[in-house]
Amino acid sequence: MKKSAALLMLSSLAFAPAAFSAPVGTLSVHILNQQTGVPSSDVTVTLEKEQQGNWAQLASGKTDQDGRIKSLYPQDKEMEPGVYRVVFKTGDYFKSQKADSFFPEIPVLFTVTRTNEKLHIPLLLSQYGYSTYKGS
């Protein structure tokens, strides 16, 4: 390839930011109800990013029949390093199950260290407790 053709090809990449936006599945979540042993479907989950001491909402979704949101991060934006949180709206979920719950929502804060880092946040849930970790 000639040098001028290579420069033209590289310069054209500057006009294609969508090609480098957050890939599908950059951030996924999964909820498993520990009491029943089945996934928690139809749970609202929000994603926020800390910006100058405040939280800016980036996205919201509901878990599918398998208790998953496969791609919560907006696909038209880069997932930049920073502090984020997902908020699982568990009170509404347990109310729909006709069950009490101590936690009306569960916020999980986490740090992104690399642009478009692939992250998975699983939540193991019961009416009076929960656990989470950095999944893959």
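Modeller: Helices (H or I, at least four residues) and strands (E, at least two) are DSSP runs, numbered from the N terminus. This is a predicted model, in which local features need pLDDT of at least 70 and side-chain atom pairs count only at pLDDT 80 or more, while totals for chains, interfaces and linings use all residues. Residues are numbered from 1 along each chain as its sequence is written, and side-chain values use heavy atoms, with hydrogens and water left out. By the DSSP criterion, the chain has two helices and nine strands, and along the sequence they follow the pattern α-β-β-β-β-β-β-α-β-β-β.

Biologist: Where is His 120 found, and why is His 120 called buried or exposed?

Modeller: His 120 lies in strand β8, which covers residues 119-126. Buried means under 20% relative accessible area, exposed over 50%, and partly exposed in between (1.4 Å probe, protein chains only). The relative accessible area of His 120 is 11%, so His 120 is buried.

Biologist: What makes Ser 28 a polar contact of His 120?

Modeller: A polar contact is a pair of N or O atoms within 3.5 Å; within protein, one must be able to donate a hydrogen and the other to accept it, and residues adjacent in sequence count only if both atoms are side-chain atoms. The side chains of His 120 and Ser 28 make such a contact at 2.6 Å.

Biologist: Which residues does His 120 touch, not counting residues up to four places away in sequence?

Modeller: Contact means heavy atoms within 4.5 Å. With those sequence neighbours not counted, His 120 touches Ser 28, Val 29, His 30, Arg 68, Tyr 133, Lys 134, Gly 135 and Ser 136. His 120 and Ser 136 are 16 residues apart in sequence, and their C-alpha atoms are 5.4 Å apart in space. For the chain, among contacts between residues at least 6 apart in sequence, 63% join residues at least 24 apart.

Biologist: How do you know that Val 43 and Gln 127 are buried?

Modeller: The limit of under 20% settles both cases. Val 43, in the loop between β2 (38-39) and β3, has a relative accessible area of 1% and is therefore buried. Its contacts beyond four places in sequence are Ile 31, Gly 61, Lys 62, Thr 63, Lys 89 and Tyr 93. Gln 127, in the loop between β8 and β9 (129-132), has a value of 16% and is therefore buried. Gln 127 touches residues that include Gln 35, Phe 94, Ala 99 and Phe 103. Of the 136 residues of the chain, 37% count as buried.

Biologist: What makes a set of residues a nonpolar core, and which members of the largest one touch the most other members?

Modeller: A nonpolar core is a set of buried Ala, Val, Leu, Ile, Met, Phe, Trp, Tyr and Cys residues joined through side-chain atoms within 4.5 Å. The largest has 25 residues, of which Leu 27, Leu 47, Leu 72, Val 86, Phe 88 and Phe 110 touch the most other members. At least two residues of this core come from each of β1 (27-33), β3 (44-51), β6 (82-88), α2 (90-96), β7 (106-112) and β8. Beyond four places in sequence, the contacts of Phe 110 include Leu 27, Leu 47, Val 86, Leu 119 and Ile 121. Phe 110 belongs to the covered face of β7, with Ile 106, Val 108 and Val 112, whereas Pro 107, Leu 109 and Thr 111 form the uncovered face. In a regular strand the side chains alternate between the two faces of the sheet.

Biologist: Why are β4 and β7 said to stand at the edges?

Modeller: The four strands form an open, antiparallel sheet in the order β4-β3-β6-β7. β4 (54-62) and β7 each have a single partner strand, so one side of each is left without a neighbour in the sheet.

Terms used:
Two strands pair if DSSP finds at least two bridges between them.
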